[in-house]
Amino acid sequence: MNYTYIVKCRDGSLYTGWTNNLEKRIHDHNSGSGAKYTKSRAPVELLYYEGFRTKSEAMRREYEIKHLSSKEKWNLISKADKP
């Protein structure tokens, strides 16, 4: 399974990414070995995720979400079940 996810960083900003191991990826973000963006903004909190069969589907959705406005991302998060 592949996932597209949104985390909230310590500074309140949102980060969107994709992974094939969601639990490990969140751990990586929080231990400083995740994305460059989250290294100085840890800890992060998982707010949203979607599952996909293929890597390309997850990456496509990541691209779509990254192009949403902050308000649109928060609307997406608020309508989803809590992780």
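Val-7 counts as buried because its relative accessibility is 0%, where buried means under 20% relative accessible area, exposed over 50% and partly exposed in between (1.4 Å probe, protein chains only). The residue is found in strand E1. The model is predicted, so local features need pLDDT of at least 70 and side-chain atom pairs count only at pLDDT 80 or more, while totals for chains, interfaces and linings use all residues. Residues are numbered from 1 along each chain as its sequence is written, and side-chain values use heavy atoms, with hydrogens and water left out.

**Val-7 and its surroundings**

- Not counting residues up to four places away in sequence, Val-7 touches Ser-13, Leu-14, Tyr-15, Ile-26, Val-44, Glu-45, Leu-46 and Leu-47; contact means heavy atoms within 4.5 Å.
- Val-7 and Leu-76 are 69 residues apart along the chain, and their C-alpha atoms are separated by 13 Å.

**Nonpolar cores**

- The largest nonpolar core has eight residues: Tyr-5, Val-7, Cys-9, Tyr-15, Leu-22, Ile-26, Ala-35 and Val-44.
- Two or more residues of this core come from each of strand E1 (2-8) and helix H1 (22-31).
- A second, separate core has seven residues, including Ile-6, Tyr-48, Leu-76 and Ile-77.
- A nonpolar core is a set of buried Ala, Val, Leu, Ile, Met, Phe, Trp, Tyr and Cys residues joined through side-chain atoms within 4.5 Å.
- Helices (H or I, at least four residues) and strands (E, at least two) are DSSP runs, numbered from the N terminus.
- In soluble globular proteins, nonpolar side chains tend to be buried together.
- Leu-22, a member of the largest core, touches Tyr-3, Tyr-5, Leu-46 and Tyr-49, not counting residues up to four places away in sequence.

**Ser-13 in the loop**

- Ser-13 is found in the loop between E1 and strand E2 (14-19), and it counts as buried because its relative accessibility is 18%.
- The side chain of Ser-13 makes a polar contact of 2.6 Å with that of Asp-11 and one of 2.9 Å with that of Tyr-37.
- A polar contact is a pair of N or O atoms within 3.5 Å; within protein, one must be able to donate a hydrogen and the other to accept it, and residues adjacent in sequence count only if both atoms are side-chain atoms.
- Leaving aside neighbours within four places in sequence, Ser-13 is in contact with Val-7, Lys-8, Tyr-37 and Arg-41.

**Trp-18 in strand E2**

- Trp-18 lies in strand E2 and counts as partly exposed because its relative accessibility is 24%.
- Residues touched by Trp-18, not counting those up to four places away in sequence, include Asn-2, Lys-55, Met-59 and Glu-62.
- The C-alpha atoms of Trp-18 and Asn-2 are separated by 7.2 Å.
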